[in-house]
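Please keep the sequence and the structure at hand while reading.

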Amino acid sequence: MGESVQTDIDPRTLIGRKAFDREGAKIGTVDEVYLDDATGEPEWAAVRTGLFSRDVFVPLEPSEVIGDTLRVPYDRALIKNAPDFGVGRHLSPEQELQLYHHYGLDVTGG
């Protein structure tokens with residue numbers, strides 16, 4: 001009870017949503033959703049930022065969908081400095097590992 005894990009998110013419904021940091025500041029708009037290779041579950045969102053004029057990867061867990069927005073529970077500065085891999089490509093295991101470390105996430109979780 002009280003779990004905010006949203007493994008039932010349809011990735012197509014995320015695209016086009018506005019994304020906000022933990023303070024409620026707008027980061028940008030969800031551009032693409034990347035699925036976990038092993039589970040097929042949505043794992044990362046690429047957010048098109050107007051401010052940084054590039055896509056930044058944010059983890060979908062522990063992010064939450066609230067209404068029609070995606071709330072990413074990290075500081076804007078941390079999100080802005082996420083590794084830049086470009087979009088439209090598959091994330092390699094090494095790239096995912098870099099993102100996990102950047103956000104301080106447990107690699108074995110999930």
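## Strand pairing

Two strands are said to pair if DSSP finds at least two bridges between them. In this predicted model, strand S3 (residues 42-49) and strand S4 (residues 54-59) meet that condition, pairing in the antiparallel sense over six bridges. Within this pairing, Trp44 stands opposite Pro59 in S4.

S3 also pairs with strand S2 (residues 26-35), again in the antiparallel sense and over six bridges. Here Thr29 has Arg48 in S3 as its bridge partner. The hairpin formed by S2 and S3 has six residues between the strands, and in this hairpin Gly40 takes a positive phi near 75 degrees.

## Overall make-up

The secondary structure of the protein consists of three helices and six strands, which follow one another along the sequence in the pattern α-β-β-β-β-β-β-α-α. Of the 110 residues, 38% count as buried, and the accessible surface comes to about 6200 Å², with 51% of it belonging to carbon and sulfur atoms. Among contacts with a separation of 6 or more, 47% are made by residues 24 or more positions apart.

## Burial of S3

How enclosed is strand S3 by the rest of the structure? With buried meaning under 20% relative accessible area, seven of the eight residues of S3 are buried, so the strand is largely enclosed by the rest of the structure.

## The nonpolar core

The largest nonpolar core has 25 residues, and those that touch the most other members are Trp44, Phe57, Val58, Leu70, Ile79 and Tyr103. S2, S3, S4 and H3 each supply at least two residues of this core.

Leu70, one of the core residues named above, is in contact with a list of residues that, leaving aside its neighbours within four places in sequence, includes Leu14, Phe20, Val30, Ala45, Val58 and Leu60. The list also holds Lys18, Ser63 and Glu64.

Glu96 lies in helix H3 (residues 93-103). Is Glu96 buried or exposed? Its relative accessibility is 10%, so Glu96 counts as buried. Leaving aside neighbours within four places in sequence, Glu96 is in contact with Glu43, Trp44 and Leu91.

Technical notes
Residues numbered from 1 in each chain as written. Predicted model: local features only at pLDDT ≥ 70, side-chain atom pairs only at ≥ 80, totals over all residues. Heavy atoms only, no water. Buried < 20%, exposed > 50% of the residue type's maximum accessible area, 1.4 Å probe, protein only. Helix = DSSP H or I, 4+ residues; strand = E, 2+ residues; numbered from the N terminus. Contact = heavy atoms within 4.5 Å. Areas by Shrake-Rupley, 256 points an atom, 1.4 Å probe, with all protein chains shown as cover. Core = buried A, V, L, I, M, F, W, Y, C linked by side-chain atoms within 4.5 Å.
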